[in-house]
Amino acid sequence: MSRDWPLWEVFVRSRRGLSHIHAGSVHAPDAQMALRNARDLYTRRQEGVSIWVVSSSAITASSPDEKDPFFAPAADKAYRHPTFYDIPSEVQTL
Amino acid sequence: MESDLAAGFERLLNTDQRIEPRDWMPEAYRATLIRQIAQHAHSEIIGMQPEGNWISRAPSLRRKATLIAKVQDEAGHGLYLYGACETLGVDRADLLDLLHSGQQKYSSIFNYPTLSWADIGAVGWLVDGAAITNQVALCRCSYGPYARAMVRICKEESFHQRQGFDILNTLAHGTPAQQAMAQDAVDRWWWPSLMMFGPPDDASPHSAQSMAWRIKRHSNDELRQKFVDITVPQAAAAGLSLPDPELRWNEQRGHYDIGPIDWAEFWRVVKGDGPCNRQRMERRVQAHEEGRWVREAAVAHAAKHSKRSGADQAGTAA
Amino acid sequence: MITQPALAGYALQLGDDALVMAQRLGEWVSRAPELEEDVALANIALDLLGQARALLAYAGEMEGHGRTEDDLAYFRDEREFTNLQIAELACGDFGEAIARQLAFSGYQFELYQRLQDSRDETLAAVAAKAVKEVAYHRDHATQWTLRLGDGTEESHRRMQAGLTRVWPYTDEMFRTDPLGQALAADGRAVDAAELRPAWAEYVTAVLREATLTWPETAAAPGGGRQGLHTEQLGHLLAEMQYLARCHPGARW
């Protein structure tokens with residue numbers, strides 16, 4: 001989908017007093033639609049929640065405990081970048 | 001260096017900790033997970049079709065509402081799972097291409113038709129019941145994003161199964177025509193539901209590796225047995241029979257014995273010769289193709305507006 | 001003097017609108033242009049179905065013959081349905097569906113916003129809940145109208161064509177209906193004619209921003225509130241009602 005609709009990370013505060021927690025991601029063409037898609041997907045039919053959406057590419061990450069040499073320790077993506085890997089065709093089924 | 005990384009990976013597995021997206025992982029682990037999670041997501045999406053088939057004809061407004069909610073949840077579950085899969089470095093668009101071209105599969109239970117309203121009950125009770133049996137275990141799978149998606153999904157699923165059972169139970173205590181409808185649906189969905197757990201593990205060579213990686217936590221046969229043991233008493237409670245003359249309680253084993261499963265049918269359906277394989281794909285591909293102009297319009301609009309107002313990277317709704 | 005049958009009739013109008021729209025929206029499940037849209041459209045369908053159930057149940061209560069929401073939904077004929085014709089249109093193209101949603105949700109928003117002040121407690125309560133829901137529906141349609149109108153050439157063309165097909169049915173939404181007018185005079189309902197200016201102002205602004213043109217189309221004859229419908233309603237009801245009608249008296 002980042003061929004067309006980019007990926008956004010979603011943070012939800014389910015009620016006052018709590019902080020925003022990462023809920024997952026959504027695809028959307030822009031921030032306004034991302035907010036709406038996030039509301040529909042992560043807070044369905046719930047009132048009063050606060051939602052933040054951030055373009056996944058805007059996230060700067062550091063998780064030193066997670067160990068892959070591909071990820072430099074500073075200022076790097078939260079996830080592996082799709083273009084560096086091919087979808088493996090030869091894999092097992094359940 | 002790689003052996004240190006592999007040792008670190010093994011240590012996480014052995015201490016039942018989660019592997020997260022930025023952890024080193026064997027390429028085969030990553031590849032297996034991508035396929036498993038993607039196919040799980042595809043199953044949710046394709047599963048919307050047999051159930052969506054009865055939205056327009058649900059016989060009461062309450063049933064119509066719960067059915068729409070159920071199918072909506074399935075779309076949502078697909079989205080959670082595609083999201084989890086994308087953390088492994090794949091694009092949802094590519095995964096959908098693989099589904100549409102037949103290179104990735106979906107659960108073949110959805111290649112069966114929903115022929116009557118009672119089928120909606122049977123699908124909720126048996127198909128979701130089987131899925132839940134599988135999914136509870138996945139909440140503890142080794143890959144963090146997948147496990148977390150499964151926790152979210154499991155919370156929403158139990159309502160679906162109860163609704164399915166309630167539909168059948170109501171029919172089973174209804175008019176003679178309704179009772180017959182319910183029994184007919186159960187007769188058609190029972191064996192395919194048992195097949196959802198997959199072939200016996202001795203016919204499944206990759207099971208051992210999946211277990212070692214804690215992607216799979218129980219064998220196919222174990223899960224199938226668990227499902228049977230839970231479901232048989234439920235059928236009795238609803239006054240419905242199950243189409244297996246060899247089904248009986250085995251006191252020694254402490255489990256129900258079942259008759260032989262027709263694995264030839266399973267493989268026929270998996271390979272594309274089930275009742276609805278072609279139409280499930282056609283409908284899916286058609287929705288995708290017909291939606292192309294809409295998706296492209298949204299991209300074009302975003303491009304026009306980000307040029308005008310500067311990159312639009314974040315939004316909030318308090 | 002306001003009679004309960006009058007209230008029943010009014011609640012039935014609004015309930016039929018919501019029910020028929022929900023039925024049309026349900027058709028988009030597994031056919032939407034993107035999975036996120038399947039979720040969004042299902043959400044709107046559910047909200048409308050909830051409104052329909054509340055309003056039909058109230059109509060049955062006011063009518064006083066013991067008819068339930070299901071009796072009213074599944075056992076009335078085409079000539080007894082009092083929904084606006086715009087709700088029953090079969091919109092094949094997503095552009096047409098969004099055009100219809102923009103018009104209809106815009107109407108519902110103005111309606112419910114005012115109906116919150118109804119002297120009738122039940123209608124006021126239904127409206128208070130519904131206005132938040134339809135604000136969201138209207139916003140959803142607005143966002144898509146902007147993106148389709150000001151997207152690609154193809155999307156602009158299709159959105160404009162959708163508007164043109166739907167627009168003849170918008171006039172009916174604002175025709176004064178004797179029932180609504182009488183109840184409005186008593187502070188219980190809203191006179192539909194009052195809603196037109198605010199609706200038109202909102203929609204005009206959206207279409208302008210979307211680079212779309214307000215369609216210059218003649219108004220369709222209408223008659224939905226009197227049980228006169230397009231040929232499409234009959235097919236919609238046949239599909240919706242047939243199973244319940246096959247087993248009269250059965251519980252589901």
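This is a predicted model: local features need pLDDT of at least 70, side-chain atom pairs count only at pLDDT 80 or more; totals for chains, interfaces and linings use all residues.
Axes are lines fitted to C-alpha atoms, for helices over the stretch in contact, and angles between them run from 0 to 180 degrees between N-to-C directions. The axes of α7(B) and α9(B), the latter spanning residues 220–238, come within 9 Å. They cross at roughly 145°. From α7(B), the residues B:Trp190, B:Ser193, B:Leu194 and B:Met195 take part in the contact. Their partners in α9(B) are B:Arg224, B:Phe227, B:Val228 and B:Thr231. By class, this helix contact holds five nonpolar, two polar and one charged residues.

Chain B also meets chain C. The contact involves 45 residues of chain B and 46 residues of chain C. About 4100 Å² is buried between the two chains. Carbon and sulfur atoms give 65% of that area. On the chain B side, B:Leu61, B:Gln72 and B:Trp293 supply 19% of the area buried against chain C, more than any other three residues.

Four salt bridges link chain B and chain C. In a salt bridge between B:Arg92 and C:Glu34, the side chains meet at 2.9 Å, N to O.

Several helices build the side of chain B that touches chain C. At least two residues each come from α2 (27–52), α3 (61–86), α6 (144–172), α7 (176–195), α11 (277–290) and α12 (292–309) of chain B. The largest share, 13 residues, belongs to α3(B). By class, this side of chain B comprises 24 nonpolar, 11 polar and 10 charged residues.

Notes:
Residues are numbered from 1 along each chain as its sequence is written. Chains are lettered from A and ligands numbered from 1 in the order in which they are written. Side-chain values use heavy atoms; hydrogens and water are left out. Contact means heavy atoms within 4.5 Å. Buried area is the accessible area (1.4 Å probe) that two parts lose on being put together, summed over both. Helices (H or I, at least four residues) and strands (E, at least two) are DSSP runs, numbered from the N terminus. Ala, Val, Leu, Ile, Met, Phe, Trp, Tyr, Cys and Pro count as nonpolar, Asp, Glu, Lys and Arg as charged, and the others, Gly among them, as polar.
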